Amino acid sequence: MRITEAHLYDALRTVIDPDLRQNIVDAGMVKGLAWNEEDQRVSLTLQLTTPACPLKDYFRSHITTAIQTVLSKEWTVQVSFISQTVGGGSESLPQVKNLLLIGSGKGGVGKSTLAVNLAIALARMGARVGLLDADIYGPSIPILLGLEHAKPQVREREGRPLLIPIRKYGVEVMSLGFLVPPGQATPWRGPMASNTLRQLLVETDWGELDYLIVDMPPGTGDIQITLAQQFRPQGAIIITTPQKLACADAEKAITMFRMPLVQVPIVGIVENMAYFWTPELPDRKFYIFGESGGRMLAQKYEVPFLGEIPLLESIVQRSDKGLPPALSDDVFLAAAYDTIAGEVARAVSRLALVSSV
Ligand SMILES: Nc1ncnc2c1ncn2[C@@H]1O[C@H](COP(=O)(O)OP(=O)(O)O)[C@@H](O)[C@H]1O
Ligand SMILES: [Mg+2]
């Protein structure tokens, strides 16, 4: 049989992108297709909508099977990936493709820990990521990243002084904690707090970013609503523990983000402290806060469930030392954040594609 491009494209049309619900050829994802009959090798490049796409293994195996079905099992198939992150951006932050808020109603459920580790996991997958500590009443990102003494520089751009974010673990970081002495209280009232936050966002020289993760203060008040209205974020990630009280507050956050004057799409729900696990009793999971509260919330509001993180002593210990768990050698620990990062990236791409239709 003489191999033609048409043969190979027909084979590739049987591979469906489960999010786009379209085959990879018609979706315009196949970029470079080449083959060598002597070596019995096909190679191609697949363009993804995010470098953190969790479907790489899926695509690789389905493409290989599709090609081997029309040629033969002897052929090897090389799939490489490139990505162009989708995301609408906004007028006030044109260099940021996706502004993502980490929200929940309740304090202490793990927003800041998730924000830091999600940002790092996305950056490790090749995305350009920024992290803004918007909890201006109690900034904790400097501690979580071991940046208690960091002092951002200022540079002029087009006649305007801009703060230069601090780069740590591959992430561009800004926090009010860098600008006020540690331990000093910031007793701002609503409008002033919102204004400070707006300033931190627009007066930081973020550069081009695929994702800007915003660690929000607890609650469903003025700061959240003002930020949503002024910046039109691409999505909010809701974090909760399985506990009834935490879930009730997470519901309030979902309702707030869905209010007609707010309208921030919900990316999905992360369940933190899903169960307690200890290496001393490796076969047991202790559901101390109840079971599956976050998962049920995702079902109720018909939003993606983005994953769960167990309650682990090592998360507290590492976080307190400024050593994010996402960078741990412990595969189990790092994998929990990698999984969530992949699911977040995937859900954000889906939202971008839906809103561009
Ligand atoms: N999965 C987890 N396992 C154990 N401790 C956690 C976990 N997630 C967060 N923590 C700890 O819980 C406390 C509160 O987390 P934090 O991220 O600061 O919450 P928030 O920003 O919502 O107030 C911190 O001490 C943090 O180290
Ligand atoms: Mg916090």
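Guide: In this predicted model, Asn117, Leu118, Ala121 and Leu122 of helix 3 meet Tyr337, Asp338, Ile340, Ala341, Val344 and Ala345 of helix 10. By class, eight of the residues in this contact are nonpolar, one is polar and one is charged. Helix 3 spans residues 111-124 and helix 10 spans residues 331-356; their axes come within 9 Å and cross at roughly 75°. Angles of 65 to 115 degrees count as roughly perpendicular, and helix 3 and helix 10 are therefore roughly perpendicular to each other.

A second pair may be set beside this one. The axes of helix 7 (residues 244-257) and helix 8 (residues 293-301) come within 10 Å, with a crossing angle of roughly 30°. That angle makes helix 7 roughly parallel to helix 8. The crossing of helix 7 and helix 8 is right-handed. Helix 7 contributes Lys244, Cys247, Ala250, Glu251 and Ile254 to the contact, while helix 8 contributes Gly293, Leu297 and Tyr301. Five of the residues in the contact of helix 7 with helix 8 are nonpolar, one is polar and two are charged.

An α-helix has 3.6 residues a turn, so residues three or four places apart point the same way. Helix 6 is followed by Arg232, which has a positive phi, near 45°.

Methods:
Residues are numbered from 1 along each chain as its sequence is written. Chains are lettered from A and ligands numbered from 1 in the order in which they are written. This is a predicted model: local features need pLDDT of at least 70, side-chain atom pairs count only at pLDDT 80 or more; totals for chains, interfaces and linings use all residues. Axes are lines fitted to C-alpha atoms, for helices over the stretch in contact, and angles run from 0 to 180 degrees between N-to-C directions. Helices (H or I, at least four residues) and strands (E, at least two) are DSSP runs, numbered from the N terminus. Angles under 35 degrees count as roughly parallel, over 145 as roughly antiparallel, 65 to 115 as roughly perpendicular and the rest as oblique. A crossing is left-handed if the near helix is turned anticlockwise from the far one by less than a right angle, and right-handed if clockwise. Two residues are in contact if their C-beta atoms, placed from the backbone, lie within 7 Å. Ala, Val, Leu, Ile, Met, Phe, Trp, Tyr, Cys and Pro count as nonpolar, Asp, Glu, Lys and Arg as charged, and the others, Gly among them, as polar.
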